[in-house]
Every structure is written in C-alpha cells, then in structure tokens.
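Work through the following exercises with the model in view, and try each task before reading its solution.

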Amino acid sequence: MTNKIVNDIARLLPEDMLSEILKHAASNSAADFANARLSCKAVRAASNYDQIFENVSMEKLNFVPWRKSEKVLQKRCEAAQNAEALYRKGMMDCFSLREFEFGLHCLKKAAEKGHVEAIYTYGIILICFGGELREQGLRIISSLDLTNSSKRKTRIVTSCRLKTENFLSNMWVYAALTEPTRISRSCDSDIRERPNSSSTSSEGQAWEAGKNVGYCCDPCFWDGEATLFCSLLRKYLIN
C-alpha cells in the first residue's frame with residue numbers, strides 16, 4: 001500500500017479515532033509509533049497532539065530508555081504531563097542524575113495526578129526529611145486510602161516495592177536518602193523487625209510487607225517503609 005493511499009485513508013478517519021490508534025501504537029512500542037508517524041502526513045500531523053502522549057501507557061517501555069525512538073517518546077510523554085513519564089523522570093533526576101530538586105518536582109506533579117508509585121515515593125522522601133515535611137509526607141501517602149482494607153494495602157505496597165527495586169536495578173544510582181530519625185511509638189510494633197537490605201529477594205521483601213500490614217499504626221508502618229526504601233537505595237548505590 002503506497003503512502004498516498006495510507007494518507008487518503010488516514011484523512012478520512014475521525015480525529016479522535018486516529019488519535020486512539022496512535023495512542024495504542026505508542027503504548028505497544030516506541031518503534032511502532034515511530035513507524036506510524038513516517039507512514040503519511042495525516043498521521044504525522046495527528047501525532048503532534050499532546051492528549052495522545054498524556055494517556056500513553058508506558059508499561060512496555062524500558063524504565064531507562066536507550067534507543068532513540070524510546071527517548072523521543074519518553075520526552076513527548078513528559079512534555080504532555082503523562083503521569084508515568086513524570087514519575088520515571090523524577091526517579092532518574094533524584095537518584096541518578098543528581099538533580100534532586102527538579103526530580104522531586106516531577107514526582108510531586110505525578111503524585112498530584114494520582115500516580116500510585118509517585119505518591120508512595122514522594123511521600124516517603126518527605127518522611128525521610130523529618131519535621132513538618134514528614135507530616136506532609138504522611139498526609140500525601142494517606143491519599144492512597146489504604147486504611148480500610150489490609151488486602152488492598154498489601155497489594156499496593158508490594159507493587160510499589162517491586163517497581164521501585166526494578167527501577168533502581170535498571171539505572172545508575174548515585175544518590176541516597178537518610179533514614180527517618182523520628183520513629184512513631186503510638187503502637188506496640190517494633191520497627192527493627194521490618195524488612196531490610198539483608199532480604200534475599202524482592203519477593204521476600206514483598207512478603208514481609210504483607211506480613212507486617214495491620215500489625216501497627218500508619219505512622220509506624222510508613223516509617224518502616226521509608227527505612228526499607230533507604231536500604232534499597234543503598235543496595236544499588238554506586239560509591
């Protein structure tokens with residue numbers, strides 16, 4: 001099929017349908033999206049709409065893009081305020097590129113869009129800062145609304161831990177955080193029994209997350225999560 005025929009067909013499609021096709025192409029692979037853009041002028045013009053990139057799923061895109069097509073797609077998604085792209089940019093800036101302030105801003109924007117892992121990460125970073133920022137971090141994490149279901153809490157915390165470790169294992173980690181110095185003692189749990197860097201696997205750490213859910217108050221639990229987050233950073237830290 002010639003480019004002219006493809007262009008004529010694309011021009012006949014409703015704009016929202018063409019945008020949806022491009023969104024699925026980008027979600028499937030960066031290469032598919034790049035090839036689609038090259039197919040004809042109508043598709044290339046439609047691919048410039050920010051709403052396409054704002055809603056692209058980045059599940060199949062490498063955490064750290066190496067290919068040119070992946071880097072281009074990542075930047076387009078960031079510019080369109082895609083929540084997952086902002087989360088990934090924030091993680092890279094904070095812990096690999098040493099642009100902590102800008103990275104924290106990206107994580108905040110992703111959290112404001114309801115991105116679960118960004119809420120988790122941004123909240124925990126603030127908890128590590130202590131003082132009023134710790135209280136702010138606890139309030140942010142409370143937006144995950146995990147208090148009414150221990151199964152939901154276990155599932156979300158496990159998912160966040162695994163994604164955090166997968167991300168850190170795929171990038172050069174040059175920055176770490178200091179564990180929170182203030183430990184809540186409003187319940188009988190012992191923070192020292194929580195998982196740490198001596199865990200043999202991410203699956204083991206995830207199991208420990210589920211094991212401890214429900215046995216302590218929220219401030220104690222999130223202090224423990226912050227401690228584990230710091231230990232994961234140290235695990236991958238390049239000295």
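**Exercise 1.** Decide whether tyrosine 87 and phenylalanine 167 are buried or exposed, and then describe how their rings are arranged.

*Solution.* Buried means under 20% relative accessible area, exposed over 50%, and partly exposed in between, with a 1.4 Å probe and protein chains only. By this rule both tyrosine 87 and phenylalanine 167 are buried. This is a predicted model, in which local features need pLDDT of at least 70 and side-chain atom pairs count only at pLDDT 80 or more, while totals for chains, interfaces and linings use all residues. Residues are numbered from 1 along each chain as its sequence is written, and side-chain values use heavy atoms, with hydrogens and water left out.

Next come the rings. Rings of Phe, Tyr and Trp (its six-membered ring) pair if their centres lie within 6.5 Å, and planes under 30 degrees apart count as stacked, over 60 as edge-to-face and the rest as tilted. A search of the whole structure gives seven aromatic pairs. For tyrosine 87 and phenylalanine 167 the ring centres are 5.9 Å apart and the planes stand at 80 degrees, so this pair is edge-to-face.

Because tyrosine 87 belongs to helix 7 (residues 83-95) and phenylalanine 167 to helix 11 (residues 150-168), the pair ties together parts that are 80 residues apart in sequence.

**Exercise 2.** Classify the pair formed by phenylalanine 100 and phenylalanine 129, and find how exposed phenylalanine 100 and phenylalanine 129 are.

*Solution.* The ring centres of phenylalanine 100 and phenylalanine 129 lie 6.1 Å apart with planes at 55 degrees, so the pair is tilted. Phenylalanine 100 is in helix 8 (residues 100-112) and phenylalanine 129 in helix 9 (residues 116-129), so that the pair links distant parts of the chain, 29 residues apart. Phenylalanine 100, at 26% relative accessibility, counts as partly exposed, and phenylalanine 129 is partly exposed too, at 40%. Both residues also belong to one aromatic cluster, formed by Phe95, Phe100, Phe129 and Phe229.

**Exercise 3.** Where is asparagine 82 placed, and which backbone oxygen lies 2.9 Å from a polar atom of its side chain?

*Solution.* Asparagine 82 is found in the loop between helix 6 (68-79) and helix 7. With a relative accessible area of 2%, asparagine 82 is buried. The backbone oxygen in question is that of valine 56.

Conventions. Helix = DSSP H or I, 4+ residues; strand = E, 2+ residues; numbered from the N terminus. Polar contact = N/O pair within 3.5 Å; in protein donor to acceptor, adjacent residues only side chain to side chain.
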